[in-house]
Structures are given as C-alpha cells and as structure tokens.
Amino acid sequence: MEQFTPDQKKDLKVLVDFVRIFCAARHEGQSAFHIPTELSGMFRTGVALCPDCAALLDYSLLKRRNCPLDPKPSCKHCRIHCYSKEHRTQIRQIMAFSGRRMIMRGRLDYLWHYFF
C-alpha cells in the first residue's frame, strides 16, 4: 500500500476534521475509528465516529488515495467525480455543515479552503 503524499495528508486532515465535527453534532453513540497509521500523527486524540460516518470516511480515504489527478483540484472543480452520487451528496452535506461551523468558530483557514 502506498504512502499518502503531503498534499493528500493535508486534504485528508481537513476531511477527517469535517467528518468528526459533523458526526459529533449529528450522531450519538460514537465509537473509535482507526485512521491509517500514516495519518495518525496529525491528531492528538483518537477519531470518534459513528459506524456510518466511519464507513464514509473509509470510502473517502480510498478514493483520495487512488485519485489520478496531480495536483488534485477541489472536488467541486474536478472534471472526474470519483465518488458515487450517494457519497457525493453526503460529503456535500458534511462540508456545508462543518464548514460553516468551523468558520463561525474562527477557523479562517477553512474559509480559504471553502472558496478555493
């Protein structure tokens, strides 16, 4: 299995943060989710997600690892949509919910990511 590149790690950290915020706000009864070891150093604590969010994040990690585009554009500007329609809808909901919440909490770096 290939290692994640630095750009992939950056993208995946953002994605894990978004999914973690969404899951904590919307779902109860979270359990521990084990992220790949090459990403584990990015998080001080474990990532607690419900089974549905954990499955979506697993799917996202797989798709990001196998992305043929280099450099990868943001998904909304991508000419190849590798997610299925169902997963793409779920990710859009998560990004919209978590992005607004992060910006309201003062994470202006995500505002840059949101627009570009």
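Predicted model: local features only at pLDDT ≥ 70, side-chain atom pairs only at ≥ 80, totals over all residues.
## Overall make-up

The protein contains five helices and two strands. Read from the N terminus, the order of these elements is α-β-α-β-α-α-α.

The protein has 116 residues, and 35% of them count as buried. If contacts are limited to residues at least 6 apart in sequence, 70% of them join residues at least 24 apart.

## Arg-64

Arg-64 lies in helix H3. Its relative accessibility is 10%, so Arg-64 counts as buried, the cut-off for that class being under 20%.

The side chain of Arg-64 forms a polar contact of 3.0 Å with the side chain of Asp-11. With residues up to four places away in sequence set aside, Arg-64 touches Asp-7, Gln-8, Asp-11, Leu-12 and Lys-72.

## Ile-80

Ile-80 sits in the loop that runs between helix H3 (51-65) and helix H4 (85-104). Ile-80 counts as partly exposed because its relative accessibility is 38%, which falls between the limits of 20% and 50%.

Apart from neighbours within four places in sequence, Ile-80 is in contact with Pro-68 and Leu-69. Leu-69 is eleven residues from Ile-80 along the chain, and their C-alpha atoms are 8.8 Å apart.

Methods: Residues numbered from 1 in each chain as written. Heavy atoms only, no water. Helix = DSSP H or I, 4+ residues; strand = E, 2+ residues; numbered from the N terminus. Buried < 20%, exposed > 50% of the residue type's maximum accessible area, 1.4 Å probe, protein only. Contact = heavy atoms within 4.5 Å. Polar contact = N/O pair within 3.5 Å; in protein donor to acceptor, adjacent residues only side chain to side chain.
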